Amino acid sequence: MFPTVSLTAFLLLAVSVAANPIIVRKPSVSLSFARHLNVTGAHDLVQKDQARAKNFVSVSKAKQSGTLSSGAVVSVGVTNVGVVYEASVGVGSPPTSYNLLIDTGSSNTWVGAGQAYVHTSTSVQTGDTVSVTYGSGSFSGTEFLDTVTVGTGLVIPGQSIGVASTSTGFDGFDGILGIGPVDLTLGTLSPDSNTPIPTVTDNLFSRGTITSDLVSVSFEPTTTTSVKNGELTFGGTDSTKFTGSITFSPGTGTFPASEFWGIDESIRYGASTTILSSTAGIVDTGTTLILIATDAFNRYKSATGAVLDGTTGLLKITSTQFNNLQTLFFTTGGTSFQLTANAQIWPRALNTFIGGTSGSIYLVVNDIGSPTGSGLDFINGYTFLERFYSVFDTTNNRVGFATTAFTTATTN
């Protein structure tokens with residue numbers, strides 16, 4: 001159950017449109033976006049990630065029990081994470097540009113948090129209200145159908161857009177471009193609370209604009225707080241962004257990981273130390289760190305000799321321990337993906353932005369906050385994905401990984 005569509009760091013889509021735009025059938029579509037560090041102080045990074053993990057579980061349980069309703073915590077939004085991604089998206093005809101946060105953990109697209117919604121000839125009010133709570137932020141307003149333009153001219157007519165009358169937690173942004181699973185939109189409309197809202201990805205695929213219902217993600221390690229360093233490719237993959245072949249893992253059947261982009265995976269430290277036996281978890285661009293079950297975290301802490309830093313909430317090691325740090329092997333789909341020692345540490349140039357000390361060495365593996373067996377025992381977050389190309393394939397219910405030019409980079 002994985003949605004699909006794409007975005008790039010330095011590559012922009014070029015699709016020609018005339019005065020009356022036409023949809024051009026393309027095998028894939030790209031839209032560039034920028035990454036920003038979204039932390040405000042000590043412990044903030046870990047707390048945001050753990051809160052996101054907790055909300056993933058609470059959302060799934062609410063859906064399972066039938067208690068999910070309009071205004072409930074139905075998604076885990078980008079305001080509640082340590083790293084955010086933004087892109088310029090046009091709405092209306094002629095389009096007004098909005099600075100939207102890209103979120104794979106929610107699926108509603110909406111505007112009006114900053115710049116007000118501009119009504120044009122393509123604006124159609126549906127009669128429904130829409131409301132979403134994101135843990136640390138929220139919005140409520142009215143649903144419209146409108147024309148959405150991404151990249152340099154890709155036009156999507158009749159896209160559902162929430163127009164916020166009130167919103168909290170979105171300072172500096174205009175709203176969200178939600179590209180998570182469509183079922184996350186259930187319960188957000190009123191009175192049509194049982195009606196799912198097709199995402200931008202859904203509409204691109206249903207209209208034949210993209211030929212495959214999948215989204216591919218490419219990131220690059222960075223030592224700056226704000227940079228264009230990623231690509232989301234809707235409908236296909238970008239062969240210039242990865243090396244070798246893509247290994248696919250089937251979607252897990254274990255709840256609640258199965259509600260998101262969930263897979264089964266094991267983790268080993270060095271040659272023989274098992275950190276996490278094969279179990280279910282998720283792959284999530286909105287989680288900054290690599291989170292693992294509490295007992296697995298304790299095994300990793302012991303294996304590395306790290307100590308918990310009281311200021312940042314991260315594990316901390318000495319230079320000698322870093323020199324002896326072993327590779328982490330993430331095995332899924334029959335392939336082991338190697339997270340090098342350098343990939344396991346927070347970029348030292350950004351230590352002070354998370355409340356750390358310049359020159360110290362902090363690890364990006366942390367505690368998810370629950371023991372093994374919860375049904376969501378790991379989250380492969382941004383610090384994993386910046387080293388591997390990832391593919392989320394809705395049609396075949398699978399997630400793929402491939403190595404990149406940055407898998408063994410020593411930038412941190």
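Student: Is D103 buried or exposed?

Tutor: D103 counts as buried, with 0% relative accessibility. Buried means under 20% relative accessible area, exposed over 50%, and partly exposed in between (1.4 Å probe, protein chains only). Before we go on: this is a predicted model, where local features need pLDDT of at least 70 and side-chain atom pairs count only at pLDDT 80 or more, while totals for chains, interfaces and linings use all residues. Residues are numbered from 1 along each chain as its sequence is written, and side-chain values use heavy atoms, leaving out hydrogens and water.

Student: What share of the chain do buried residues make up?

Tutor: They account for 58% of the 412 residues. The chain has 5 helices and 24 strands; these are DSSP runs numbered from the N terminus (helices H or I, at least four residues; strands E, at least two). D103 has its place in strand β3, residues 96–103.

Student: Which residues does the "active site" annotation cover?

Tutor: The unreviewed UniProt entry places it on D103 and D284. UniProt positions are given in the numbering used here, feature names are shortened, and annotations may be inferred rather than shown by experiment. The two residues are spread over 182 residues of sequence, yet they cluster in space, with a largest C-alpha distance of 9.6 Å.

Student: Where is D284 found, and what does its side chain do?

Tutor: D284 is in the loop between β14 (273–283) and β15 (290–292). D284 counts as buried, at 2% relative accessibility. Its side chain makes a polar contact of 2.6 Å with the side chain of T287. A polar contact is a pair of N or O atoms within 3.5 Å; within protein, one must be able to donate a hydrogen and the other to accept it, and residues adjacent in sequence count only if both atoms are side-chain atoms. T287 lies in the loop between β14 and β15, buried at 0% relative accessibility.

Student: Which residues is D284 in contact with, beyond its neighbours in sequence?

Tutor: Contact means heavy atoms within 4.5 Å. Leaving aside neighbours within four places in sequence, D284 is in contact with residues including R52, F56, T104 and N380. With residues up to four places away left out, T287 touches D49, R52, F56, I379, G381 and Y382. For the chain as a whole, take contacts between residues at least 6 apart in sequence: 71% of them join residues at least 24 apart.

Student: How many aromatic pairs are there?

Tutor: The count is 13. Rings of Phe, Tyr and Trp (its six-membered ring) pair if their centres lie within 6.5 Å; planes under 30 degrees apart count as stacked, over 60 as edge-to-face, and the rest as tilted. Y269 and Y300 form an edge-to-face pair, with 6.1 Å between centres and 85 degrees between planes. Y269 lies in strand β13 (residues 262–269) and Y300 in helix α3 (residues 294–304), so this pair ties together parts that are 31 residues apart in sequence. Y269 is buried at 7% relative accessibility, and Y300 is buried at 0%.

Student: Which residues do ring pairs link into a cluster?

Tutor: F330, F337, F384, F388 and F401. F401 lies in strand β24, residues 398–403, and is buried at 0% relative accessibility.

Student: Which charged end sits over the ring of F248?

Tutor: That of R398, 3.7 Å from the ring centre. A charge sits over a ring if NZ of Lys or CZ of Arg is within 6 Å of the ring centre and within 35 degrees of the ring normal. R268 likewise lies over the face of F329, at 4.1 Å from the ring centre.

Student: And the strands: what order do β16, β17 and β20 take in their sheet?

Tutor: Strands of a sheet pair through backbone hydrogen bonds, either parallel or antiparallel. Two strands pair if DSSP finds at least two bridges between them. Here 3 strands form an open antiparallel sheet in the order β16-β17-β20. The edges are β16 (307–308) and β20 (361–362), each with a single partner strand, so one side of each is left without a neighbour in the sheet. Strand β17 (residues 315–317) pairs with β20 over 2 bridges, and K316 stands opposite Y362 in β20.

Student: How do strands β4 and β7 run relative to each other, parallel or antiparallel?

Tutor: Parallel: 2 bridges join β4 (residues 110–111) to β7 (residues 154–168), and the bridge partner of W110 in β7 is G162. Strand β6 (residues 138–150) runs antiparallel to β7, joined by 12 bridges, with T142 opposite V163 in β7.
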